[in-house]
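Subject: Structure handover

Hello,

Please find the structure below, followed by notes on what was found in it.

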Amino acid sequence: MNTSKTHILIVDDESQIRKFLRTTLTSHDYQVSEAEKCADALKLLTTHPPDLMLLDLGLPDGDGLDVIKELRGWSQLPVIVLSARGQEQDKVTALELGADDYLTKPFGAAELLARIGVALRHARSNGNQQEQVFSSQGLIVDLVKRLVSVDDQEIKLTPTEYKLLCTMVKYAGKVVTHGQLLREVWGKHSTEQGHYLRIYMQHLRQKLGDDALNPRFLMTETGVGYRFVLPTHTPGTDHKK
């Protein structure tokens with residue numbers, strides 16, 4: 001296998017979907033391997049570890065959620081779930097188990113490539129020492145000085161608002177569920193206090209000058225959670241050098 005290319009494992013039992021994914025990915029210089037079943041996927045994950053996995057949930061020998069559960073016991077490999085299941089609870093469950101993102105079938109190639117790029121960048125940044133200053137689209141968060149500015153204007157945040165923003169920045173580009181945010185910001189016993197999250201998110205958006213309907217920074221994933229918006233990069237520019 002050519003180790004100079006980013007290696008993506010496709011796990012899906014539909015041959016036409018695999019063909020579409022294989023054609024899309026190889027045309028953008030990704031290395032691809034494929035599996036049709038949970039057992040085959042788990043074997044490839046250990047024998048030929050990829051850089052990212054695209055995972056269908058409905059597989060012939062089990063549920064893709066079980067693959068995520070087992071994988072997260074020993075690896076933080078980026079996982080993007082691709083499924084015809086559109087229910088919000090399915091998305092929440094996959095994300096809570098450790099999936100990095102979720103796309104509902106059908107989806108376009110451009111969106112898929114953009115999500116792959118974000119997941120790979122996030123995984124690589126986690127492998128390095130955490131940056132002391134986060135910067136994106138005019139927003140600067142200085143994690144050492146605890147300073148926040150938008151377009152060179154300092155923003156005064158409460159401790160809770162600051163912690164909420166830092167959590168969103170930590171997972172920039174990824175969907176963060178309501179439950180994950182509540183646990184990280186308010187503690188593990190606060191997962192039922194969703195109204196606090198909505199109120200503080202509204203306040204945070206107001207201070208950042210963000211519009212919930214046309215978000216610059218904080219996007220609502222309806223019924224699931226929130227995503228810190230990262231600028232779109234040209235597909236194919238996030239490969240290994």
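A residue is called buried here when its relative accessible area is under 20%, and exposed when that area is over 50%, with partly exposed in between. Keep in mind that this is a predicted model.

Ile80

By that cut-off Ile80 is buried, because its relative accessible area is 0%. Ile80 belongs to strand 6, which covers residues 79-83. Leaving aside residues up to four places away in sequence, Ile80 touches Leu52, Met53, Leu54, Leu55, Asp101, Arg115, Ile116 and Ala119. Leu95 sits 15 residues from Ile80 along the chain, and the C-alpha atoms of the two are separated by 9.4 Å.

Salt bridges

Side chains of opposite charge can pair when their charged atoms come close. The structure holds 19 salt bridges; three of them are described here.

Asp29 lies in the loop between helix 1 (15-26) and strand 2 (31-35), while Lys5 is in the segment before strand 1 (7-11), so the pair ties together parts that are 24 residues apart in sequence. Asp29 counts as partly exposed, at 39% relative accessibility. Lys5 is partly exposed as well, with a relative accessible area of 27%.

Another salt bridge is formed by Arg18 and Glu34, whose closest N and O atoms are 3.1 Å apart. This pair links distant parts of the chain, as Arg18 is in helix 1 and Glu34 in strand 2, 16 residues apart. Arg18 is buried, because its relative accessible area is 11%, whereas Glu34 is partly exposed at 30%.

A further salt bridge connects Asp101 with Arg227, and here the closest N and O atoms are 3.1 Å apart. Distant parts of the chain are linked by this pair: Asp101 is in strand 7 (residues 101-104) and Arg227 in strand 14 (residues 225-228), 126 residues apart. Both Asp101 and Arg227 are buried. The two also belong to a network of salt bridges that links Asp101, Glu111, Arg115, Glu221 and Arg227. Asp101 and Arg115 from this network are also among the residues that Ile80 touches.

Strands of a sheet pair through backbone hydrogen bonds, either parallel or antiparallel. Strand 12 and strand 14 pair over three bridges, and Val176 stands opposite Tyr226 in strand 14.

The hairpin of strands 8 and 9

Strand 8 (residues 133-136) and strand 9 (residues 139-142) pair in the antiparallel sense over four bridges. Val133 stands opposite Asp142 in strand 9. The hairpin has two residues between the strands, and Gln137 takes a positive phi near 50 degrees. In a regular strand the side chains alternate between the two faces of the sheet. Strand 8 has a covered face with Phe134 and Ser136, and an uncovered face with Val133 and Ser135.

Regards

How values were computed
Residues numbered from 1 in each chain as written. Predicted model: local features only at pLDDT ≥ 70, side-chain atom pairs only at ≥ 80, totals over all residues. Heavy atoms only, no water. Buried < 20%, exposed > 50% of the residue type's maximum accessible area, 1.4 Å probe, protein only. Contact = heavy atoms within 4.5 Å. Salt bridge = Lys/Arg side-chain N within 4 Å of Asp/Glu carboxyl O. Pairing = 2+ DSSP bridges.
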